[in-house]
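Please look over the sequence and the structure shown here before reading the briefing.

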Amino acid sequence: MSLRSPLGKVLGTGSAKQGVHHWWAQRLTSVALVPLSVWFVVSLLSLPSHDHATVVAWMGQSWTALLLVLLVLVGAWHSQLGLRVVVEDYVHGAPVRTVTLVLLMFAHVLLAGAGVVAVLRVALGAAP
Amino acid sequence: MPPRPLSPHLSVYKFKYTLTTSILNRFAGLALSLGLPLLVYWLLAVAGGAQAQARAMRVLSLPLMRPLFAALILAFSYHLTAGIRHLVWDTGRGLERKQSERSAWLVVGVSLALALLVAYCAWLAGARAL
């Protein structure tokens, strides 16, 4: 027997059975970002210089390219999940909130895509 | 439809270590989100060739970028250590008041030490590049 009221059923309020997905994705991305971000900071700071030739040689290694692509993708995903919660907490009023959430999503996909294309261009030797 | 419940009203809470460590983690996360476009800007510059990268490096080494990088280093160390604290909590450990108070101070201490270490290494790397 369902304890939900007929009115509640019609309005469609209540669990959408997706409550755990956001939480779980946030945990997964945060666990992945611990090694990824530490690797990035350590290797960036241990490069002998940050001029073009050095950085291109570094990014040209398969491992570096792979980890950079993962860092950009997982970082953007984690950032989108986090900013989404901030907007949901502090931006009130459905139209403004929805538009903000859509723009945030688009911005993150754009940033992630641009970052991946940039790394791949360098790694595949297509950068001038 | 009746108004849905709203969360968090910061002004009604007393500033205790629980609230402080939590809101600092959120601010650090916000700061790191601003670091993402910066990272992509640098990657695009590297992909754009030697001239584009040299131009980006000139922009990134402007004096007004210094406080931004300092904030990013602080945000990185804090979000990393506080995030690990959250992951430990997710296993059901360390949730007692005494333990959580101790881990709060641990996070503050470790993140400050880590930030100083990263800043020192960044300074060394900057000096090496000159």
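The briefing below goes from one chain to its contact with the other.

This is a predicted model, in which local features need pLDDT of at least 70 and side-chain atom pairs count only at pLDDT 80 or more, while totals for chains, interfaces and linings use all residues. Residues are numbered from 1 along each chain as its sequence is written, and chains are lettered from A and ligands numbered from 1 in the order in which they are written.

**Chain A**
- Chain A has 5 helices and 0 strands, where helices (H or I, at least four residues) and strands (E, at least two) are DSSP runs numbered from the N terminus.
- The radius of gyration of chain A, taken over C-alpha atoms, is 20 Å, whereas a compact globule of 128 residues would have one near 14 Å, by a rule of 2.2 Å times the number of residues to the power 0.38.
- Along the principal axes, the C-alpha atoms of chain A fill a box of roughly 65 × 30 × 25 Å.

**Where the chains touch**
- In total, 31 residues of chain A are in contact with 32 residues of chain B, a contact being two residues whose C-beta atoms, placed from the backbone, lie within 7 Å.
- On the side of chain A that touches chain B, at least two residues each come from helix 2 (19-46), helix 3 (52-59), helix 4 (62-90) and helix 5 (94-123).

**One helix pair**
- The axes of helix 2 of chain A and helix 3 (residues 65-90) of chain B come within 11 Å and cross at roughly 145°, with axes being lines fitted to C-alpha atoms, for helices over the stretch in contact, and angles running from 0 to 180 degrees between N-to-C directions.
- Residues making this contact include A:R27 and A:V34 of helix 2 of chain A, and B:F76 and B:D90 of helix 3 of chain B.
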